Amino acid sequence: MLASRPPCSLSLSLPSPSYKTSRCCCHRGRRLLLLRRAMLGACQDLSTITPTLRQQSMAQLERGSLLVGGRELLVRAPPNVTLRPAGAGVADDEAAAASGAAFLGARAAAASSRHVFSVGNLASGWRWLSLFRFKIWWMMPATGAGAAAVPAETQMLLLESTSEVGSAAATEHGSLYALMLPVLDGGFRASLQGSPEDELQFCFESGDPDVQTMEAVDAVFINSGDNPFKLLKESIKMVSKIKGTFSHIEDKEIPSNLDWFGWCTWDAFYKAVNPSGIEEGLQSLCEGGVPPRFLIIDDGWQETVDEFKEADEAIREQAVFAHRLTDLKENHKFRGETCKNLGDLIKKIKEKHGVKCVYMWHALLGYWGGILATSDAMKKYNPKLVYPVQSPGNVANLRDIAMDSLEKFGVGIIDPDKIYEFYNDQHSYLSSVGVDGVKVDVQNVLETLGCGFGGRVAVTRKYQQALEESIAQNFKTNNLICCMSHNSDSIFSALKSAVARASEDFMPREPTLQTLHIASVAFNSLLLGEIFIPDWDMFHSKHESAEFHGAARALSGGGVYVSDKPGVHDFSVLKKLVLPDGSILRARYAGRPTRDCLFTDPVMDGKSLLKIWNLNNFTGVIGVFNFQGAGQWVWPVKETAYVPININITGQLSPSDVESLEEIGGDNWNGETAVYAFGSCSLSRLQKHQSLEVSLSTMACEIYNISPIKIFGEVVQFAPLGLIDMFNSGGALDNVSSVADFSATTIHIKCRGPGRFGAYSATRPELCRVDENEVEFTHAKDGLLTFYLLPSSSQDNLRHVEIVYRAS
């Protein structure tokens, strides 16, 4: 039967696009167009077949209408817009073919290095979440409906439509989700934007006037599904396989330092960092019972030059970001009587303060202004002074003072053919003196330097590959943090890089930016969390928003580190995050907004709470935050300064807000959960789809640890909660099992400690033991069972807990 033939199967033979520096690609584009028209004719022969559910789920472009999941997503698409099945021309890409995913493209009348293509108008009934670059370095979220409001430099557009009767995607949630992901296509990079005429457009640019094309073939990835988190994960995996230029996070080596508490020198000292200050900061944290095992020595250790120090004050102020690197070794502050050299310092802090891992900061081009072309130590890398050229998309949003400086004074760029040699020289030296890894900053500057180097995508990929090769060559594990790297050029060139900063810096002196920071890292983690472990940045433990930031970091799934000044700490906050051995309770995934928060504005709509969810091995966790009234988004720019106000918000929390709770519930779980509220110390028993009312004032938060109630030994209803004085209590649970016979049921738990252990138990146990020693316990009317895990000399810091129930 004809129905067994895959729709449009001829399209699988389409070649992948390539882009050249000459206009000969125009003729290639005409041949592709003729081939595509022939294939469309073949597809139309199948149009009389009754659509199956699979066919409904496939993205289809018909008479100017783009259908996804059987619903209209775009209308009035111009005739130059094309649709190509995802995976076409890629061997064995069954997942992409089965999903119905596709790539949007378009064709222009003439070749250019930058095109803006309209793809039509958004159909009615859709609302969207955009992750867009509000400035060159960083993304943040925006929500809306209609194409006109989609910001320039949108790098992910997630859309939701309510269910229609008979739709292939109608589900219990009643929604269909569509993903529009602008990607890299050969030497070009795509981004989405709206127009005043309410059209959705994609910009397609190479960053080099000599790298031109007249056709975008695989520019915007399109996919749909009934679960937004599953949709994002499966889509990123598909694109990574099809493009081959980056990897999904599950395929990367994860640095071990993420499981240890850290301290960064930046906000503590800024560029005045010095050896004695570093030792003082480590000592004060150790004495407070939260020893940092991970240290980042940030900006201020390198040998740099200010070429404009003799100029007048106005010029010096403008040139602050144009300082350049002159040598690979440490500067004079780290060479003297108290500290012979960098190696001497690192050896001392590891031996004296128990630091396990030390990272050093450097910029992708060596320093903010690159390297000094006239430096004897730098001449071997063939440097030259170049001047950045920003994309119109960047300057359409918020200008950045660092780029203003670099555009005026230039960047000392390293010859791309010498960049591996530069990184290898830098990293081999650092490794030889005991450094374990690097944080690499100012990465997106490369997109402005593509002219003459084959374009922004080509030069970014060359640098990124050289960086990753050098990391693999010189450090034991994949010890790299990527920073200021939120352009798709970098994101979709990350084959090995496993950790990336998730938002603009924590800014301790800006009270109205605290809520923006947490909202941004959570929403940005929807995309970044499929490719990296998102780094939610440092914070200050002694700060008016410290509890807020600490709770968020516990949910992040990434590292936890502070940038406190020596002696300025709030240990009551830190001890909710850090165990006495310096380890943290890190959740399994990237912390992300719950499904019902994806298309709301938790910062400025005056009514929405933000809920962030994650999973541990045996529990789920949700943080609920009230950001309303505390600040405003920095883009679009407002004419008047924001005056914070207090707004009390009431919302709902349900165990079902934790996605994939069934993963830890198991096959026989009946949906009942124990829900422990960290702040109020209250315990509730809820079915999965039941809810609690949550009421919070501005800048208040609550964390709920959610544990599936299971039946052990056929009679014991039990749910472990973990260390209930920690923000993410369930992260302490390492293993749960049971043994039952005719006389007793014994639940065995391996749990990290020390601390107060908690669990839900429907009945009072006969006794509790820790490491074979019986301990006192309490059992409350609400079922909360608690006892203490005392400090232990165990090297793995695990306690063996036994909870015994006698048969009645």
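This is a predicted model: local features need pLDDT of at least 70, side-chain atom pairs count only at pLDDT 80 or more; totals for chains, interfaces and linings use all residues.

If you want a pair to click on, Val68 is opposite Arg71 of strand 3.

Next, strand 40, residues 755–761. Is it enclosed or open to the outside? Six of its seven residues are buried, so strand 40 is largely enclosed by the rest of the structure. Strand 37, residues 716–723, runs antiparallel to strand 40, with five bridges between them. Leu723 faces Phe757 of strand 40 in that pairing. Strand 40 is also joined to strand 44, residues 784–789, by six bridges, again antiparallel. Here Gly758 has Thr786 of strand 44 as its bridge partner.

Pro754, in the loop between strand 39 (744–752) and strand 40, is joined to Gly753 by a cis peptide bond with omega about 5°. A cis bond also joins Trp635 and Pro636, with omega about 0°. Pro636 is in the loop between strand 30 (620–625) and strand 31.

Staying with the backbone, two residues have a phi worth checking. Most residues other than glycine have a negative phi, and most peptide bonds are trans. Val442 has a positive phi, near 55°. It lies in the loop from strand 23 (437–441) to helix 12 (456–474), and it is buried, at 1% relative accessible area. Met484 is not a glycine either, and its phi is positive at about 55°. Met484 belongs to the loop between strand 24 (480–482) and helix 13 (488–491), and is buried as well, with a relative accessible area of 7%.

Now the helix pair. Two packed helices are described by the angle between their axes and the distance between the axes. For helix 14 (residues 514–528) and helix 15 (residues 546–555), the axes come within 11 Å and cross at roughly 5°. That angle makes helix 14 roughly parallel to helix 15. Helix 14 contributes Gln514, Thr515, His517 and Ile518 to the contact, and helix 15 contributes Phe548, His549, Ala552 and Arg553. By class, that is three nonpolar, four polar and one charged residues.

Gly207 sits between strand 14 (200–205) and strand 15 (213–225), and at 36% relative accessibility it is partly exposed. Its contacts beyond four places in sequence are Ser113, Gly450, Cys451, Gly455 and Arg456. Gly207 and Val459 are 252 residues apart in sequence, yet 10.0 Å apart in space, C-alpha to C-alpha.

The other is Asp657, in the loop between strand 31 (649–653) and helix 17 (662–665). Asp657 is buried, since its relative accessible area is 11%. What does its side chain make a polar contact with? The partner is the side chain of Lys611, at 2.9 Å. Beyond four places in sequence, Asp657 touches several residues, among them Thr594, Asp596 and Trp613.

Notes
Residues are numbered from 1 along each chain as its sequence is written. Side-chain values use heavy atoms; hydrogens and water are left out. Helices (H or I, at least four residues) and strands (E, at least two) are DSSP runs, numbered from the N terminus. Buried means under 20% relative accessible area, exposed over 50%, partly exposed in between (1.4 Å probe, protein chains only). A polar contact is a pair of N or O atoms within 3.5 Å; within protein, one must be able to donate a hydrogen and the other to accept it, and residues adjacent in sequence count only if both atoms are side-chain atoms. Contact means heavy atoms within 4.5 Å. Axes are lines fitted to C-alpha atoms, for helices over the stretch in contact, and angles run from 0 to 180 degrees between N-to-C directions. Angles under 35 degrees count as roughly parallel, over 145 as roughly antiparallel, 65 to 115 as roughly perpendicular and the rest as oblique. Ala, Val, Leu, Ile, Met, Phe, Trp, Tyr, Cys and Pro count as nonpolar, Asp, Glu, Lys and Arg as charged, and the others, Gly among them, as polar. Two strands pair if DSSP finds at least two bridges between them.
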